[in-house]
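Dear colleague,

Please find the structure below, handed over for your use. A written account of what was found in it comes after.

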Amino acid sequence: MLCNDAGDLNAFAVIDDVNLLLAAVIECTGFLVKGGEARVYRARFSSVTEKDIAKAMENLVQPNKSEALAVDARQEIDLKVGVAFTRFQTSYFQGKYGNLDSRVISLVLFSLL
């Protein structure tokens, strides 16, 4: 998975998607921790080289739910601000440039910190 926080969000998306299959794997392998929950790890890497992938596989970490939720919130804010700015931009340019089709200028997305 990715080195940044978005990798944690992706990890939890995968976990959610395969949750039913995990139950079968846990039953077959006995791969459990106290309390009956599966241990899930992710690899953190930022480049796809043999050396970096091998290093990431030797240093697996558990996904961080707080970081995943923070990424999800940032993406939601980014989308909402982008939609608002797109609406503003579209209405601002309507009628300003003669034959310009300004029904929708573009969808603007802002990358947040």
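The notes that follow begin with the chain as a whole and then turn to particular residues.

This is a predicted model, in which local features need pLDDT of at least 70 and side-chain atom pairs count only at pLDDT 80 or more, while totals for chains, interfaces and linings use all residues. Residues are numbered from 1 along each chain as its sequence is written, and side-chain values use heavy atoms, with hydrogens and water left out.

Overall composition

The chain holds four helices and zero strands; from the N terminus on, its elements run α-α-α-α. Helices (H or I, at least four residues) and strands (E, at least two) are DSSP runs, numbered from the N terminus. Of the 113 residues, 19% count as buried, where buried means under 20% relative accessible area, exposed over 50% and partly exposed in between (1.4 Å probe, protein chains only). The chain exposes about 8,600 Å², and carbon and sulfur atoms supply 59% of that area; accessible areas come from the Shrake-Rupley method with a 1.4 Å probe, and for residues only the protein chains shown count as cover. Among contacts (heavy atoms within 4.5 Å) with a separation of 6 or more, 52% are accounted for by residues 24 or more positions apart.

The nonpolar core

A nonpolar core is a set of buried Ala, Val, Leu, Ile, Met, Phe, Trp, Tyr and Cys residues joined through side-chain atoms within 4.5 Å. The largest one has six residues: Ala6, Leu9, Phe12, Ile15, Ala68 and Val71. The elements that give it two or more residues are α1 (6-17) and α4 (65-93), and α1 has the largest share, with four residues. Ala68 is in contact with Asp8, Leu9 and Phe12, leaving aside its neighbours within four places in sequence.

Helix α4

Helix α4 has 29 residues and reaches 42 Å from its first C-alpha to its last, close to the 42 Å expected at 1.5 Å a residue; the expected span is 1.5 Å times one less than the number of residues. At the start of α4, a side-chain oxygen of Asn64 comes to within 2.9 Å of the backbone nitrogen of Ser66. The buried residues of α4 are Ala68, Val71, Asp78, Gly82, Thr86, Gln89 and Thr90, and what covers them includes α1. Just after the helix, Gly95 takes a positive phi of about 80 degrees.

A search of the whole structure finds one aromatic pair. The ring centres of Phe85 and Phe88 are 6.0 Å apart and their planes are at 45 degrees, so the pair is tilted. Rings of Phe, Tyr and Trp (its six-membered ring) pair if their centres lie within 6.5 Å, with planes under 30 degrees apart counted as stacked, over 60 as edge-to-face and the rest as tilted. Phe85 and Phe88 are three residues apart in helix α4, and are therefore separated by about one helical turn. Phe85 is partly exposed at 31% relative accessible area, and Phe88 is partly exposed at 49%.

The loop between α2 and α3

Arg42 lies in the loop between α2 (19-29) and α3 (50-58). Arg42 is buried, with a relative accessible area of 2%. A polar contact of 2.9 Å joins its side chain to that of Asp8; such a contact is a pair of N or O atoms within 3.5 Å, and within protein one must be able to donate a hydrogen and the other to accept it, while residues adjacent in sequence count only if both atoms are side-chain atoms. Ser47 is also found in the loop between α2 and α3, and is partly exposed at 24% relative accessibility.

With kind regards
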